[in-house]
Each structure stands twice: as structure tokens, then as C-alpha cells.
Amino acid sequence: MTENTTIPVLPVLIAKDFASDQEPKWCPGCGDHAVLQQIKNVLPELGIAPENIVFVSGIGCSSRLPYYLATYGVHGIHGRALPMATGLKVSRPELSVWVGTGDGDALSIGGNHFIHTLRRNPDLNVVLFNNEIYGLTKGQYSPTSKIGLRTVTSPSGVIDQPFNTAALTLGSGGSFFARAFDRDGKFLRSILKRAALHKGTSLVEIYQNCPIFNGGAFEAFSSADNKANNTVYLEQSKPLIFARGKRGIWLDGFQPIVVDLDKEGISSSDLWIHDETDINKASILAHFADDHADSEESLPRPFGVFYAKERITYEDALTAQIADAQKNGIGTFEELLRGDQSYEIKKA
Amino acid sequence: MTDTTKSTRQVNVTSKTSVSVLFAGDSGDGMQLTGTQFANTVATQGTELNTFPNFPAEIRAPAGTIAGVSGFQLQFSSKPVYTPGARFDVMVAMNSAALKANLKDLHRGGIIIAGTEGFDEKNLKLAGYPEGANPLEDGSLSNYILFPVPILQLTREALKESGLSSKEIDRCKNMFVLGLLYWLYTLPLEGTFETLRAKFQKNVHMAEANIRAVKAGYFFGDETELFANLGRFDIAPQKQHGTYRRVTGNEACAIALTAAAKKAGLKLFLGSYPITPATEILSTLAKKKKYGVKTYQAEDEIAGIVSSIGAAYGGALAATNTSGPGLALKTEALGLAVILELPLVVINVQRGGPSTGLPTKPEQSDLFMAMYGRHGEAPLPVIAASSPVDCFYCTYEAARIAVEHMTPVICLTDGYLALSSEPWKVESPDNLAPITPRFHAPRQPEDPPFLPYKRDDRQVRAWAIPGTRGLEHRIGGLEKQNETGNVSHDPENHELMTKLRAQKINQIADFIPLQTIDNGPKKGDLLVLGWGSSYGAIKTAVEQAIEQGYSVAHAHLRYIHPFPKNLEEILGNYKKILIPELNNGQLIHIIRDTFLIAPEGFTKIQGVPFNEMEILIKITDIIKELQS
């Protein structure tokens with residue numbers, strides 16, 4: 001491999017230094033623009049030279065992401081961004097490797113790679129643009145589309161149970177899951193930075209609006225009023241409070257219950273205190289999404305870091321095995337060709 | 001030391017040039033181990049050798065049945081041998097099913113050593129012999145030299161004081177057979193003792209019991225009257241002095257990838273998914289961590305190749321190995337590797353198809369898939385190995401072409417080469433061709449813009465890997481603009497890029513050796529044009545035909561795409577071209593299509609390799625017809 005890969009002195013970079021010369025071709029109003037902007041905002045904060053950053057993607061609207069960033073980038077084939085990124089990361093652990101993917105790319109055609117990547121835990125930053133629809137192929141339902149959604153391929157309404165991305169991530173052994181929203185740029189930026197700093201596969205699900213084929217899919221969490229009542233923002237060691245401080249979540253055994261802080265004599269110290277290292281609590285949070293935000297008792301949709309607990313990465317474990325195999329020296333070329341079962345034939 | 005040259009009694013030792021032996025028994029009888037150990041001993045004598053295991057697809061097929069028969073065939077000789085033998089001279093049959101399944105391939109007058117316990121009523125019934133019939137007793141084997149030996153009883157007798165359980169003792173019976181065969185071929189026992197001691201390092205009792213079983217078999221040969229008339233045999237060594245190792249095709253592929261990475265100064269990455277009969281390439285490389293090799297057992301075939309493409313993008317020597325069904329799954333990703341123009345070695349160990357087909361049996365039926373099995377216009381180099389040892393050189397060559405021409409390369413082997421073995425004179429690193437990756441240098445701000453798809457005069461683009469300052473660029477599966485690599489849907493550009501990609505592959509013909517004639521006259525009646533694992537059978541058949549005075553030559557293709565530049569000229573020097581293939585005729589189409597000639601095909605689609613006799617008959621038939 002090359003010797004010329006690292007550059008010690010980093011110039012101070014800003015967001016626009018990470019913009020490539022290609023004009024984004026996403027539709028006007030698409031949430032992808034906002035996500036791209038936050039990625040460009042976060043990259044200079046990481047102190048990594050652009051030549052050491054790679055964006056890998058599969059196929060779909062979101063997978064055009066690498067073309068718009070002035071880093072290294074590979075736009076692969078449908079569903080296969082994760083194995084491509086893993087192969088790159090395993091062979092070049094020193095690189096910062098990002099994956100741009102969507103609900104169809106990651107959870108449908110790439111579903112197998114999704115679960116296996118998470119359990120292996122290579123240090124990848126996975127940005128999953130979830131718009132609950134196939135956009136690039138013009139509006140077919142996706143594995144996260146809600147039941148009943150009418151699309152060109154579900155004219156009578158979707159009958160497939162959608163995937164719960166958070167539950168799937170945690171169930172696959174993922175070491176980091178966070179949810180963010182395209183319209184909340186500041187929050188998205190903070191989550192992307194957390195994800196980048198997490199060593200291991202960090203999965204960030206971004207609710208991303210597709211104004212053309214699935215506009216308003218996340219309306220329940222976006223307008224000012226809805227947002228307050230239907231969302232809860234997770235902060236480490238802080239109680240789960242929402243609805244402008246009026247409601248909170250109280251954990252009754254394994255059962256999360258919405259409580260009214262004004263009426264029921266419950267103080268914030270009685271509430272569920274968020275602990276992002278607790279897999280059990282994270283699993284309960286993941287299933288908040290099974291509730292449909294249709295009544296006062298409905299559980300709000302959580303945003304923020306559900307779970308973050310570092311464990312050894314795939315590439316570090318492999319590197320350690322190689323180091324162990326080489327502790328008495330690296331195998332020589334001659335040794336390789338001779339093998340350990342060679343034999344001498346002497347002159348007759 | 002057990003002196004294996006002297007016998008306690010005076011038994012004749014006859015020198016023979018060549019012998020083919022089959023060890024056959026139930027898949028639980030340890031025949032693969034016995035055969036392998038026998039082959040190792042033969043090899044260390046400096047004798048020419050070729051081996052081939054033949055085992056059932058099921059791990060534990062019902063015991064005693066034909067489906068459960070496992071065989072290990074080898075030919076050893078004072079002359080070069082290229083096949084495990086069309087037929088065998090000696091067959092060890094541990095049970096009735098083993099005899100029944102293999103008798104048709106035993107030479108008339110050949111030796112049968114039959115384990116009598118495998119011919120009891122139950123075993124005979126399982127093997128499908130009619131009630132009351134026992135081939136050991138009914139005279140039906142009178143055309144052969146039959147030695148019924150109570151192998152199990154003798155093993156039990158020898159090990160009764162070993163302290164092992166009766167089950168453990170019974171499992172040593174294969175070592176008894178091994179000892180008996182060592183006696184028959186005047187071979188030394190010490191190497192096997194060493195191997196057993198190393199293998200059972202933590203269980204000295206087991207090691208000693210196995211050693212005692214080997215000795216018991218050996219002394220049984222020596223002491224019993226049974227073999228007195230037959231005598232013993234001696235195959236003189238032929239190999240020139242030097243250091244050798246025995247390799248299977250799969251091992252050779254694994255070593256070659258590691259060697260190519262060493263030579264090129266690259267890190268090796270293998271993304272793979274287990275599949276018969278290609279898995280040993282992955283498992284062999286998984287043990288090469290000492291050489292810095294990274295293996296990645298992916299979740300499926302697709303992730304296997306795609307992870308390798310990721311590694312190739314990062315500057316590794318990337319490879320993936322598979323067999324037919326896996327190659328089918330990899331085709332979309334191969335198209336990506338073609339358009340990304342990244343180096344990638346794909347080793348396809350062919351097996352009988354379609355679908356799951358015959359997973360453990362060889363076939364040459366993926367040639368079309370290797371050549372054409374991609375969507376869009378996606379040509380890539382295809383090369384094929386001809387022997388277990390050639391798997392090394394062919395895989396190494398695939399890596400050289402991939403790295404130097406920035407393209408995926410398919411290297412075809414098959415289940416026969418993968419599992420067969422032969423001695424290999426250990427190669428010196430200096431003798432291996434250089435492999436020179438061309439990494440693009442870092443770029444300074446004042447330098448002209450970096451053009452990822454700018455080509456040199458071989459139409460090859462530079463390898464621009466992440467971490468290189470100033471080369472940040474985006475590439476992908478979408479058609480790209482010439483030179484800049486930016487996404488482009490321009491009609492003329494697509495045609496240009498399609499032609500440039502094809503031209504790059506065609507130009508590889510300038511960087512590969514010319515086709516040679518393996519054997520026979522430069523002009524003549526017939527050229528047998530082979531590819532892949534049929535080399536040994538064709539080689540032997542053509543040798544014999546030449547000895548018989550026929551005007552026949554043999555050329556064996558390694559480079560199938562692009563063809564060597566002089567192939568057309570060679571094909572024009574013979575009245576007739578014969579193309580034997582283990583498929584329904586694939587190379588013949590490509591030859592016909594490329595050169596507009598009418599060769600004659602000879603196909604076999606039985607999941608077993610050609611044998612030299614069937615090719616010899618075909619050769620003589622054709623030449624007689626030409627002359628009539």
C-alpha cells in the first residue's frame with residue numbers, strides 16, 4: 001500500500017470546503033438537501049482531512065449523497081453500501097467511512113447486510129434517510145411505509161407491517177442508534193457529530209420528507225403543536241419530558257406510561273431517566289414507535305440517541321488477531337511458498 | 001525404525017512404472033485421511049503423483065449405502081503423471097457398497113483388498129446385492145486378484161491392550177489398511193508416525209494406538225501367506241532433487257493470492273462466503289494471518305464480492321472465491337467492478353449445475369457465465385487453470401492482470417482441480433513475475449485537476465486511493481463522463497466509454513504470452529484444444545496417440561479472454577480441431593464465433609473428469625476418418 005496517505009498539518013476547513021463541484025439533483029423541498037447541509041457542517045468539526053473521509057452509498061435518492069461532497073466517494077449498487085463500506089474499513093481502518101442509504105436500500109434489498117453489519121460493528125457512520133417511500137423509482141411503498149399507505153404498487157393500501165428501524169438495529173446487536181429529523185438542522189447536526197465520534201457502527205435514522213411521493217409522512221412530528229405533543233427529545237441522564245414540560249414518561253416495570261406532570265403529583269425525578277447505555281430501556285424506547293400518536297395517552301416518538309455503548313469493532317478485532325499471529329514476526333515470502341509440510345528430494 | 005526394505009520372508013519385489021490405487025469405504029471409514037497420508041508418503045519418496053478425492057455431497061450419508069461411499073484415488077509413477085489414472089490397479093474396499101460403486105473402474109486383473117466385515121449380510125443388503133449373494137464368495141470377482149482381509153478383527157486384535165474404547169479401536173482400522181499398503185509398495189512408515197504423533201499431541205494413547213495399527217497392517221502383509229504369490233512392488237522415484245510440497249488446487253489458489261499481494265506490495269483482502277467446492281480457499285487464507293492476510297466471511301455471496309470491491313477501492317489486492325451459484329449472485333457486483341475499473345480477482349471453482357446441481361462434482365459449465373454473465377456490455381479477462389499446481393500460476397496471473405490493467409478478472413478452476421493434489425517444486429519469489437500497481441501520486445493545489453478516468457496507452461486508469469491528498473473524487477455505477485468520471489447520460493459518451501472499456505480488455509492480449517503447443521507437431525492432422533482441468537487426460541491421451549504414430553498435437557488454453565494473439569494462426573495449422581469439454585459445448589462456441597471455423601466438440605457431462613482412454617479413442621477415430 002502507499003506510504004503517502006497521511007498529511008500531518010490540517011488547514012482549517014469550513015462547510016463549503018466539503019461541497020463538491022456537482023449541483024445536487026434532488027427535488028426542490030426534498031429533505032435530503034437539509035441532511036447534506038448538516039453533514040457539510042459536521043465534517044469540518046471532526047478534524048479529519050477530506051482525503052481521509054469516504055462516503056459510500058447504494059442506490060436511491062439518498063445514495064446520490066457522495067457526489068455532492070468533496071471527499072472520496074463511491075456510489076455502489078442497490079443495497080450493498082454496507083458491505084462495500086465494511087470491506088473498505090476493514091482494509092483501511094484509519095479512514096473515516098460514512099454510508100448514505102435509505103429505507104429501501106438499507107432495509108429492503110440490503111436488509112441482510114444491515115443486520116450483519118450491525119452485529120459485526122465495524123466503525124462506520126451510517127446515515128439512513130427514511131422517507132417511508134421509494135422516491136427514485138417514483139413512489140412505490142417501502143419497508144417502512146405505514147400500513148394503509150396508498151401508492152402506485154399498493155393502490156388498496158399497504159398491508160405489510162413496516163420495519164421498526166430502532167428495534168431492528170438493537171435486535172441486530174447495533175452499538176449505536178439515534179433518530180433525528182431533516183427539519184431540525186441543529187439537532188441533526190449534534191446527532192451526526194455524536195454518531196461520528198462513536199467508535200463502532202453508528203446508525204442514525206433521519207425522518208426525511210419526500211414532498212413528491214410521500215409528503216407529510218412525518219407531519220405528526222413536524223408542525224409546532226404536533227411536535228411538542230408527539231415527540232420526546234432524549235438527553236443523557238435527563239428525565240423523559242415532553243409537551244412543553246407538561247407531560248413525562250414514567251416507567252411502570254417494563255411499561256412506559258404517559259403521565260401528566262401538572263395533575264398527578266409526579267415530579268420529574270420520578271420519571272424515566274434516560275440512560276443511553278441501557279439496552280433494555282433502549283429497546284422499550286424503540287417500541288414507542290409502535291404507538292401512533294393519536295391520543296393523549298399515546299407515547300411520543302423519541303428523537304436523539306437511544307443507545308450508545310461501545311464494544312470492540314470488527315476491524316480492531318481482526319487487526320488484533322493479525323498482530324497476535326505476527327507476534328513472532330511477519331511471515332516471509334519464502335516461508336509462504338515453502339509451507340510447513342515441504343520435503344526434500346535428494347539427488348538419486 | 002521399521003525397516004521397510006527387508007521382509008522377514010523372501011517376498012519378491014517387482015519394480016513397476018506406475019500404479020493407480022483407490023481407497024474406498026464408507027464416509028465414516030476415514031478413507032480421505034488414509035489416502036492423504038499414503039499420498040504424503042509417496043510424495044516424500046520423490047515419486048510422481050496425482051490424487052483425487054471423491055466423496056459424497058452429504059456429510060453423513062446413510063452408512064453402508066452406495067450414496068455414502070467415499071473414495072480417494074491416486075496414481076504414482078516413475079514417469080510424470082497428469083491424472084489420478086483412468087482406471088485403478090488396486091482397490092481397497094472397506095465395504096460392499098465401496099466395491100459395488102467402483103468395480104467398473106478397476107482394471108481386469110486388478111487387485112481388490114476387501115475388508116470382510118463390510119461384506120456381512122447387513123452391508124451386502126445396504127449395498128443392494130441380491131439376497132444370499134456375496135461377491136467375496138460367489139466367484140463373481142474371478143477376473144480380479146481378490147484378498148479378503150478381516151481388517152476390523154485384526155485391528156481389534158492388535159489394539160486390544162491399547163486402553164482405547166472399542167469405538168476408538170474400530171476407528172483405527174483405516175491405519176491398518178494404510179500399513180498394509182505401505183508393505184505392498186515398500187514404503188516407509190516413519191513419516192506417518194511423525195504425523196500421528198503431531199496430530200494426537202495431546203493424546204499419546206491415541207497416537208500410539210494408531211501407530212500400532214499401521215504396524216499391524218504392515219506386519220500382516222509381511223507375515224501372512226496371503227500376499228506371498230503377489231509379492232511387493234516398488235515404484236522408482238522420478239522427481240529431480242529439490243524442495244517440494246504437495247498442494248491441492250484450492251490451496252494453490254490461496255497461496256497464489258498471498259504471494260501476489262507480497263510481490264505487489266499490497267495487502268490481501270478476501271471477501272467470501274462458504275460454498276462447495278471453493279471453501280478451502282477461504283479457510284486456507286484465514287490461517288494466513290501471519291502474512292497479514294485479511295479474510296472476511298460475509299453474510300452472503302454478494303457481500304463477499306462487494307466487500308472486496310470496497311477493499312479494492314481502498315488499495316488492497318482484493319479477491320473473492322466462489323462456485324457457480326455464487327458467481328451467479330455476484331454478477332451485478334462484477335458489473336460494478338467493471339465500470340469502477342478496480343482490480344479484483346474472482347476465483348470460480350466450477351461444479352455441476354444448474355442450480356445446486358452436483359455440488360461436489362466437477363464440470364466446466366460456467367465458461368459462458370464467466371464470459372458473458374453480466375448485464376450491459378461488461379467484458380473482463382477470463383483465464384483457466386489446468387492442474388492443481390497451475391491453480392497457483394493462474395491465480396497469480398489473474399492478480400497480475402487485475403492490478404496492472406485495473407479490471408476484475410475471473411480465474412476458472414473446478415471441483416476436480418480444487419481437491420486434487422500433486423507435488424509442487426517450491427517456487428522462489430524471484431521467479432514470480434513482477435506485479436506493479438500504479439497508484440496516482442498526491443496532487444498539489446496548483447496541479448491540473450485530477451481526472452480519475454484518464455487512461456494511459458493501455459487504456460488503464462490510475463489507482464487513486466483514499467488517503468491520497470488532492471485526489472478526492474466520486475465514482476460509481478452510473479455511466480461516467482470520459483476522463484472526469486462525473487455522472488453522464490450523454491449518448492456519445494456512453495458509446496465511447498463502452499468501447500474504451502472493451503478496448504482495455506482486448507489490449508491485455510499485448511501483455512500475455514503467446515499460445516504454445518504443449519505436445520505434438522506444429523502442423524498436422526489434428527489439434528486437441530483443451531482448457532482447464534482436462535489438461536491431464538488430454539496430455540496423456542495425446543502422448544499415447546503420438547506414440548502410436550498419429551499426427552496429433554495438444555494446445556491448452558489458459559487465456560480465454562482475450563485469446564492469445566497467435567491462436568488463430570495455430571488453429572489454421574491443423575486439418576481438424578477437437579475441443580473436449582466437461583459441459584455441453586461452450587469453448588467450441590467461442591472458438592467458432594471468434595475464428596469462423598468448425599471444430600469438433602467432445603463433451604462429457606457426468607460430473608466426473610475425462611479419462612485419457614475416452615479422449616484417445618476420440619482422437620484415433622477422428623484421424624482414421626480424416627485418412628479414409
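Domain bounds, as used in these legends, come from an automatic or database domain assignment. The model is predicted, and local features need pLDDT of at least 70, side-chain atom pairs count only at pLDDT 80 or more, while totals for chains, interfaces and linings use all residues. Residues are numbered from 1 along each chain as its sequence is written, and chains are lettered from A and ligands numbered from 1 in the order in which they are written.

**View 1. Domains 1 and 3 of chain B.** The assignment divides chain B into domain 1 (13-235), domain 2 (246-431) and domain 3 (524-627). Between domain 1 of chain B and domain 3 of chain B, the C-alpha centres lie 36 Å apart. Their contact (C-beta atoms, placed from the backbone, within 7 Å) takes 4 residues from domain 1 of chain B and 8 residues from domain 3 of chain B.

**View 2. Helix α1 of chain B.** Helices here are DSSP runs (H or I, at least four residues), numbered from the N terminus. After α1(B) comes G46(B), whose phi is positive, near 85°.

**View 3. G111 of chain A.** G111(A), which lies in helix α4 (residues 111-120) of chain A, counts as partly exposed because it has 16 C-beta neighbours inside 10 Å. G111(A) and T165(A) are 54 residues apart in sequence, and their C-alpha atoms are 11 Å apart in space.

Key. Helix = DSSP H or I, 4+ residues; strand = E, 2+ residues; numbered from the N terminus. Buried ≥ 20, exposed ≤ 12 C-beta atoms within 10 Å, placed from the backbone. Contact = placed C-beta atoms within 7 Å.
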